[in-house]
Amino acid sequence: TGKPVGNDLREGKKTFLTQYAYNKANATDRAYLQNSLGLNIDGERLQNVRDIFRRTGALSYAQNEAQKYARTGLKAIQSLSSTDQDAKDMLVRLGEFLAKRDK
């Protein structure tokens with residue numbers, strides 16, 4: 001969305017990704033995640049949190065969920081009985097872009 005990487009952590013937000021990782025993490029990683037929320041984290045801590053996201057499967061789970069919802073949305077757009085095909089095509093391209101953009 002254009003936000004700086006790690007911004008939600010710095011703001012102490014318990015995002016979908018953070019919650020999933022926290023629930024799947026071992027005690028050490030859970031403590032690390034908890035202690036990272038609300039900090040002005042540096043590159044090393046951010047990388048460690050990202051590693052926890054990968055180890056716990058949170059990153060791939062979130063990506064799969066995003067793809068699932070994108071497919072559902074795209075099907076809904078295609079089923080619209082609109083006479084403005086250009087608008088439908090634009091919405092489809094936007095949905096595809098959002099679902100496939102770099103994380």
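## About the model

Because this is a predicted model, local features are described only where pLDDT is at least 70, and side-chain atom pairs count only at pLDDT 80 or more, while totals for chains, interfaces and linings use all residues. Residues are numbered from 1 along each chain as its sequence is written, and side-chain values use heavy atoms, with hydrogens and water left out.

## The overall fold

Let us start with the whole protein. Its secondary structure consists of six helices and zero strands, where helices (H or I, at least four residues) and strands (E, at least two) are DSSP runs numbered from the N terminus. Along the sequence this gives the pattern α-α-α-α-α-α.

Of the 103 residues, 24% are buried; here buried means under 20% relative accessible area, exposed means over 50%, and partly exposed lies in between (1.4 Å probe, protein chains only). The accessible surface comes to about 7,200 Å², and 52% of that belongs to carbon and sulfur atoms; such areas come from the Shrake-Rupley method with a 1.4 Å probe, and for residues only the protein chains shown count as cover. Among contacts (heavy atoms within 4.5 Å) between residues at least 6 apart in sequence, 56% join residues at least 24 apart.

## The nonpolar core

A nonpolar core is a set of buried Ala, Val, Leu, Ile, Met, Phe, Trp, Tyr and Cys residues joined through side-chain atoms within 4.5 Å. The largest one here has ten residues: Leu9, Ala21, Leu33, Leu37, Ile41, Leu46, Val49, Ile52, Phe53 and Ala58. Helix H4, which spans residues 43-55, gives the most to this core, with four residues.

Leu37 is one of the core members. Not counting residues up to four places away in sequence, Leu37 touches Leu9, Gly12, Lys13, Lys14 and Thr18.

## Helix H4

H4 has 13 residues and reaches 18 Å from its first C-alpha to its last, close to the 18 Å expected at 1.5 Å a residue; the expected span is 1.5 Å times one less than the number of residues. In H4, the buried residues are Leu46, Val49, Ile52 and Phe53. They lie on the same side of H4 because they cover an arc of only 115° around the axis, the arc being that of the directions from the helix axis to the C-beta atoms. In general, an α-helix has 3.6 residues a turn, so residues three or four places apart point the same way.

What covers these buried residues includes helix H1 (7-10), helix H2 (16-24), helix H3 (27-36) and helix H5 (58-79). On the face of H4 turned away from its buried side sit the exposed residues Gly43, Glu44 and Arg55. At the start of H4, a side-chain oxygen of Asp42 comes to within 3.3 Å of the backbone nitrogen of Glu44. Just after H4, Gly57 has a positive phi of about 85°.

## Helix H3

H3 has its own buried residues: Asp29, Leu33 and Ser36. They share the same side of H3 because their arc around the axis is only 65°. Their cover includes H1, H2 and H4. The face of H3 turned away from its buried side carries Ala27, Thr28 and Asn35, which are exposed.

Asn26 caps the N-terminal end of H3, with a side-chain oxygen 3.1 Å from the backbone nitrogen of Thr28. After H3 comes Gly38, whose phi is positive, near 85°.

Asp29 counts as buried because its relative accessibility is 11%. Its side chain and that of Arg55 are joined by a polar contact of 3.0 Å; a polar contact is a pair of N or O atoms within 3.5 Å, where within protein one must be able to donate a hydrogen and the other to accept it, and residues adjacent in sequence count only if both atoms are side-chain atoms. Leaving aside neighbours within four places in sequence, Asp29 is in contact with Ile52 and Arg55.

Ser36 is buried, with a relative accessible area of 0%. Its side chain reaches the backbone oxygen of Tyr32 at 2.7 Å. Beyond neighbours within four places in sequence, Ser36 is in contact with Leu9, Ile41, Arg45 and Val49. Ser60, in helix H5, is partly exposed, with a relative accessible area of 40%. Ser60 and Leu17 are 43 residues apart in sequence and 9.6 Å apart in space, C-alpha to C-alpha.
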